[in-house]
Amino acid sequence: MANWLDREGKAMAFSHIDLSIVPQVEGFFDPASNTISYLVQDPSTASCAIIDSVLDIDYAAGRISYESADQLIEVVKSRNLSLEWIIETHVHADHLSAAPYIQDKIGGKIGVGSRITEVQDTFGKVFNEGTDFQRDGSQFDALFEDGDTYKVGEMTCLALATPGHTPACMVHVIGNAAFAGDTLFMPDGGSARADFPGGDAGELYDSIQRVLSLPDEMRLFICHDYGPGGREVAWETTVGEQKDKNIHVGGGKSRDEFIAFRTERDAQLAMPKLIIPSLQVNMRAGEIPQDEDGKPVLKVPINGL
Ligand SMILES: [Fe+2]
C-alpha cells in the first residue's frame, strides 16, 4: 500500500502499487528522435510489454522502415516471450509508433489513454480528416481510464492519467517501475512542453505532482532524453531523485512558478521535426493514413499547427 495523490490532490491509499515486484526493464534508444522504447518483462513468467515503440521514417524521402521495431521483435522472439501489451503513453509528436507492425508480427494489445478521443478530435480538424476517420479511439484495442489496471503475466499494471503535455497522457506503473511518458525528463532535462493543442502547463504541473507522490524509491523511466550539457544519454531515475533535483519542478517549485516558466519556454521552442507525420499516424494507433485509392499518404496542412 502506498499513499499517493488523486486528481484533486487528496491523499488516498492505492493497493495496486507493489514495490516487491521488480520487472526487467530494457531501454532501446532511437537517436533519430531521442525516444526510448521499453521492453518490460515479468520476472516470474515469459510475459512482456512494449512501451512507446518507434517506426523509422526518412521524412524528406517519404520513406518508412522497420529497423527499430525489428530490433524489439527480435529480442521478444529470441527469448520466447509472449507480448501481451503494446502501450502508447500518449500520441507522440516526435516519432511514429510501430505498434501495428509489432502487433502484426508478434501479437499484443495496443492500449492508450481514453482521452485519445479528444486528441483525435483536435487533430482530425487540423488534418481535415473526413468522416472515415473515427474519433472514438476504436483504432486501439484498449482505452485506459485513470486508475485502470491490466496484467502482464502475473504483474498488475496501473495506468495513471497525467494530462498536461497532451490530454491523453498516462504514466504506467508496473511493480517498482513507472514509465513517465512525457511528463518528466531526467532531472537535468526538466519537464515536457505543454503548448501543443490540448496541452496545459497547470495540468502538467498537477500531473507531475501526482508522479512525485509515488514512492521515492520507485524507478522512473523517461521517454526522451537529449543529453543536456553534452552528457551521455540516460533514461532511468527515481521518484525521489526527481523530487530533489528536477530543474523544473524539484525542490518544491510552486504551480505558478512552473506555469510562468513553462509558458515562456514553450513560446521559444520550435515544432518537433516529425510532428506532422507523427500525429497523423499516431492518432490512428500507428496506422499510415491512406488516400481514396488505398495508397499510404501523409498530408501537410499549411499553417494548420
Ligand atoms: Fe510527447
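D182 counts as buried at 5% relative accessibility, where buried stands for under 20% relative accessible area, exposed for over 50% and partly exposed for what lies in between, calculated with a 1.4 Å probe on protein chains only. This is a predicted model, in which local features need pLDDT of at least 70 and side-chain atom pairs count only at pLDDT 80 or more, while totals for chains, interfaces and linings use all residues. Residues are numbered from 1 along each chain as its sequence is written, and side-chain values use heavy atoms, with hydrogens and water left out.

**The iron site**

D182 (OD) coordinates the iron ion together with H90 (NE2) and H165 (NE2), at 2.1 to 2.3 Å. Donors here are N, O and S atoms within 2.8 Å of the metal (3.2 Å for Na, K and Ca), and sites may look incomplete because water is not among the atoms. Along the sequence, the spacing of the donor residues is H-x74-H-x16-D. H165 lies in the loop between β12 (155-161) and β13 (170-174), and D182 in the loop between β14 (177-179) and α4, so the pair ties together parts that are 17 residues apart in sequence. The helices (H or I, at least four residues) and strands (E, at least two) are DSSP runs, numbered from the N terminus. H165, like D182 a donor to the iron ion, is buried at 3% relative accessibility.

**Two helix pairs**

Helix α4 (residues 201-212) and helix α6 (residues 255-266) have axes that come within 9 Å and cross at roughly 125°; the axes are lines fitted to C-alpha atoms, for helices over the stretch in contact, and the angles run from 0 to 180 degrees between N-to-C directions. That makes α4 oblique to α6, given that angles under 35 degrees count as roughly parallel, over 145 as roughly antiparallel, 65 to 115 as roughly perpendicular and the rest as oblique. In α4, A201, G202, E203, L204, Y205, D206 and I208 meet R255, F258, I259, R262 and T263 of α6, contact being defined as heavy atoms within 4.5 Å. The residues of this contact of α4 with α6 divide into six nonpolar, two polar and four charged; Ala, Val, Leu, Ile, Met, Phe, Trp, Tyr, Cys and Pro count as nonpolar, Asp, Glu, Lys and Arg as charged, and the others, Gly among them, as polar.

Helix α1 (residues 67-78) and helix α2 (residues 99-106) pack at an angle of about 30°, with their axes 10 Å apart, and that makes α1 roughly parallel to α2. A69, D70, L72, I73, V76 and K77 in α1 meet Y101, I102, K105 and I106 in α2, and the residues of this contact comprise seven nonpolar, no polar and three charged.

**T122 in helix α3**

T122 is part of helix α3 (residues 116-126) and counts as partly exposed, at 28% relative accessibility. From C-alpha to C-alpha, T122 and R135 are 9.4 Å apart in space, and 13 residues apart in sequence.
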